[in-house]
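Please consult the sequence and structure shown below while reading.

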Amino acid sequence: MLKNQVDFKKKGTVFNIQRFSVNDGPGIRTIVFLKGCPLSCSWCSNPESQNRNKELLFNVKNCTACHKCETMCKMDAINFNLDNRIDKDKCVNCGECVESCYPGALVISGEEMSVKEILDELNKDSVQFRHSNGGVTLSGGEPLLQEEFALELLKGCKTMGFHTTIETTGYINRKIVEEIVPWVDLVLLDIKTMDEEKHLKYIGASNKRILENAKRISDLGINTIVRVPVIPEFNCDKESIYNIAEFTKALGNVKEIHLLPYHKFGLNKYECLGRKYNVNDNIKTPSEDVMLELKKIVEDIGLKCNVGSH
Ligand code: SF4
Ligand code: SF4
């Protein structure tokens with residue numbers, strides 16, 4: 001296949017297609033969420049994104065205890081004595097119990113979709129993309145973990161004339177950074193802390209590769225905005241934000257930082273996955289005053305700064 005040709009049959013695992021977003025790139029956007037992430041931030045609001053494979057979620061609030069799922073499961077993986085109901089060691093995420101669950105207490109996160117199937121979905125939004133100067137955003141997880149699929153999808157979007165944005169952790173292969181250049185209009189790059197030890201402790205990986213890729217992306221001249229999730233007791237202080245802003249300025253081509261205050265919107269998903277949320281209960285969303293103080297630090301360094309949401 002030629003470099004510019006799109007492999008429309010290429011398949012990947014997607015866990016959501018979200019329309020009418022205004023926070024993830026210019027205009028009104030449709031976000032395609034790809035499954036899988038190499039990092040494990042303790043505050044992650046999309047924990048269902050982390051596993052590359054399909055995953056069964058159980059929401060006890062919707063369950064009417066009809067026991068239909070139990071009779072459907074050939075793996076004997078439904079156990080009413082377990083808090084989360086699903087025996088993870090036995091469940092193969094086949095989704096057969098989901099079919100029988102009319103109240104929607106069981107849901108499979110993750111669907112195999114081809115580039116063509118996704119482009120057909122995106123095409124339904126083309127008028128609003130045009131009218132709002134919006135487009136498509138690939139998110140995750142880490143969308144570039146499914147490297148080949150993400151690349152074909154970006155190429156497909158460009159052949160349709162859509163503005164393309166990727167939200168990335170930066171924890172990606174060097175090669176993919178160079179390959180996506182012609183197909184990406186905007187990169188939203190997460191930088192969470194300059195402190196490698198903290199990065200290892202709270203995120204499960206060193207920040208070295210991320211910072212190297214930040215330099216690479218900047219040198220390639222891709223339009224980039226650095227995004228910082230602002231997390232109390234992690235990086236919600238003047239020094240942490242100053243260090244990120246200094247680094248960003250030194251990159252040369254990146255002129256803007258978005259500060260995204262911590263929130264707890266994903267909490268319920270941890271319960272549905274039968275996982276523990278590892279952020280202290282006493283940690284709250286930073287106040288507007290705190291966010292404005294941090295914003296001023298970035299602006300004083302000479303960068304544009306927005307306080308946004310994520
Ligand atoms: S997804 Fe499949 S294996 Fe898992 S509980 Fe449901 S029916 Fe059983
Ligand atoms: S089928 Fe759904 S509603 Fe019925 S017991 Fe199973 S999870 Fe609960």
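The sections that follow treat the basis of the model, its domains, its salt bridges and its backbone features.

## Basis of the model

The model is predicted; local features need pLDDT of at least 70 and side-chain atom pairs count only at pLDDT 80 or more, whereas totals for chains, interfaces and linings use all residues. Residues are numbered from 1 along each chain as its sequence is written, chains are lettered from A and ligands numbered from 1 in the order in which they are written, and side-chain values use heavy atoms, with hydrogens and water left out.

## Domains and annotation

The domain assignment, whose bounds come from an automatic or database source, gives domain 1 as 11–42 + 112–307 and domain 2 as 55–109. The C-alpha centres of domain 1 and domain 2 are 32 Å apart.

An unreviewed UniProt entry lists residues 23–304 as "domain: Radical SAM core"; UniProt positions are given here in the numbering of this model, feature names are shortened, and annotations may be inferred rather than shown by experiment. Residues 23–304 are 36% helix and 17% strand, and their end C-alpha atoms lie 16 Å apart. Helices (H or I, at least four residues) and strands (E, at least two) are DSSP runs, numbered from the N terminus.

## The interface between the domains

In this interface, 7 residues of domain 1 contact 9 residues of domain 2, contact meaning heavy atoms within 4.5 Å. The area buried between domain 1 and domain 2 is about 710 Å², with carbon and sulfur atoms giving 47%; buried area is the accessible area (1.4 Å probe) that two parts lose on being put together, summed over both. Lys35, Cys272 and Leu273 supply 66% of what domain 1 buries against domain 2, more than any other three residues.

There are 2 salt bridges between domain 1 and domain 2, a salt bridge being a side-chain nitrogen of Lys or Arg within 4 Å of a carboxyl oxygen of Asp or Glu. Helix α10 (residues 267–273) contributes 4 residues to the side of domain 1 that touches domain 2, the largest share. That side of domain 1 divides into 3 nonpolar, 2 polar and 2 charged residues; Ala, Val, Leu, Ile, Met, Phe, Trp, Tyr, Cys and Pro count as nonpolar, Asp, Glu, Lys and Arg as charged, and the others, Gly among them, as polar.

## Salt bridges

The structure holds 21 salt bridges. In one, between Asp24 and Arg227, the closest N and O atoms are 3.5 Å apart. This pair links distant parts of the chain, 203 residues apart: Asp24 is in the loop between β1 (11–21) and β2 (29–34), and Arg227 is in strand β9 (residues 224–230). Glu271 and Lys61 also form a salt bridge (3.9 Å, N to O).

## Backbone features

Most residues other than glycine have a negative phi, and most peptide bonds are trans. Phe20, in strand β1, has a positive phi of about 60°. The peptide bond between Gly140 and Gly141 is cis, with omega about 10°; Gly141 lies in the loop between β6 (135–139) and α5 (147–159). Gly204, which follows α7, has a positive phi near 85°.
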